Amino acid sequence: MTALLTSVNATALRAEQTPVVVELFTSQGCASCPEADEMLARLGSRENVIALALHVDYWDYIGWKDKFALSGFTKRQKGYAHVFDKRMIYTPQMVVNGVREVAGNRPMDVTDLVQAEAAKGLAVPLTIERSGDTLSISAPAEQDLADTDVILVRYTPSASVDIPRGENAGKTLAYSHIVTEWSDIGDWNGQSPLSATVPVSGASPIVVLVQEKGYGPIRAAARLR
C-alpha cells in the first residue's frame with residue numbers, strides 16, 4: 001500500500017463501524033444545492049452516517065468558481081453516472097453506499113434511502129486506529145468480496161463562504177464535511193485479512209472506504225473525527 005496524510009495526536013484513536021456512506025455532489029454555483037448542503041450537515045451529525053461533500057467544478061463557468069471544487073470529484077460523479085446508466089450528471093446528487101442515487105434536495109427520498117441502506121449494513125467490518133502519525137487499517141477476510149480499492153479521505157468539518165457572483169450571488173452559505181483529499185491507497189480482494197498502515201498528519205477527520213473497483217458498491221467504511 002502507498003502512503004498519504006492525516007492527523008497528529010500522541011493518543012491512539014480507534015474506529016470500528018459499519019455506517020452508511022453518503023456522498024453529495026454539490027457546487028457553490030448551484031442554486032438548488034443549499035438545501036442539499038443543509039441536509040448533508042444533518043445527516044453528518046448522526047453517528048451511523050459518514051457524510052462527504054464532493055464539490056464539482058462544472059458550474060464554475062456561470063460566474064463563481066467553487067473554492068472547494070476538485071476536477072477529480074467531477075470524474076467520480078461521471079463514473080457513477082456510467083454505472084447507474086445516467087446520460088447526465090447533475091447537482092445536487094447524493095450517492096448512498098455507492099449503490100443508489102437520489103436528488104439531494106428531496107429530504108424524504110434521501111431519508112428513506114439512508115434508512116434502507118442502514119438496515120442492510122455493509123458487507124465487511126472495518127477497523128481504523130490512529131497512533132500519532134500512523135493510521136492502521138484492518139478487516140477480516142471476506143471470500144466473496146470482489147476486487148476493491150482502499151480509499152483514504154480527509155475532510156474539513158465546516159466552513160462558510162460569501163458568494164458575490166453566480167446563481168447564489170449575495171448569499172453567505174454554510175458547508176460541512178468538505179472533502180479536501182481523496183487517495184487510493186491500495187487494493188484488496190478479501191482472500192486474506194486486510195492489514196495496512198499509512199502515515200497521516202493534521203487534525204482533520206479521517207475516513208477509509210473499501211469500494212468495489214469501477215465505482216461499485218462500498219463494502220466497508222470507518223471514520224475517525
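Buried means under 20% relative accessible area, exposed over 50%, and partly exposed in between (1.4 Å probe, protein chains only). The model is predicted, so local features need pLDDT of at least 70 and side-chain atom pairs count only at pLDDT 80 or more, while totals for chains, interfaces and linings use all residues. Residues are numbered from 1 along each chain as its sequence is written, and side-chain values use heavy atoms, without hydrogens and water.

**Exercise 1.** Classify Thr74 as buried or exposed, and state which residues it touches.

*Solution.* Step 1: Thr74 sits in helix H2, residues 71-83; helices are DSSP runs (H or I, at least four residues), numbered from the N terminus. Step 2: the relative accessibility of Thr74 is 6%, and therefore Thr74 counts as buried. Step 3: leaving aside residues up to four places away in sequence, Thr74 touches Val56, Asp57, Tyr58 and Ile89, where contact means heavy atoms within 4.5 Å.

**Exercise 2.** Compare the radius of gyration of the protein chain with that of a compact globule.

*Solution.* Step 1: the radius is taken over C-alpha atoms, and the globule rule is 2.2 Å times the number of residues to the power 0.38. Step 2: for 225 residues the rule gives a value near 17 Å; the protein chain has 17 Å, so the two agree. Step 3: the C-alpha trace spans about 50 × 40 × 25 Å along its principal axes.

**Exercise 3.** Describe burial and sequence separation of contacts in the protein chain.

*Solution.* Step 1: of the 225 residues, 50% are buried. Step 2: of the contacts between residues at least 6 apart in sequence, 73% join residues at least 24 apart.

Note on methods: Helix = DSSP H or I, 4+ residues; strand = E, 2+ residues; numbered from the N terminus.
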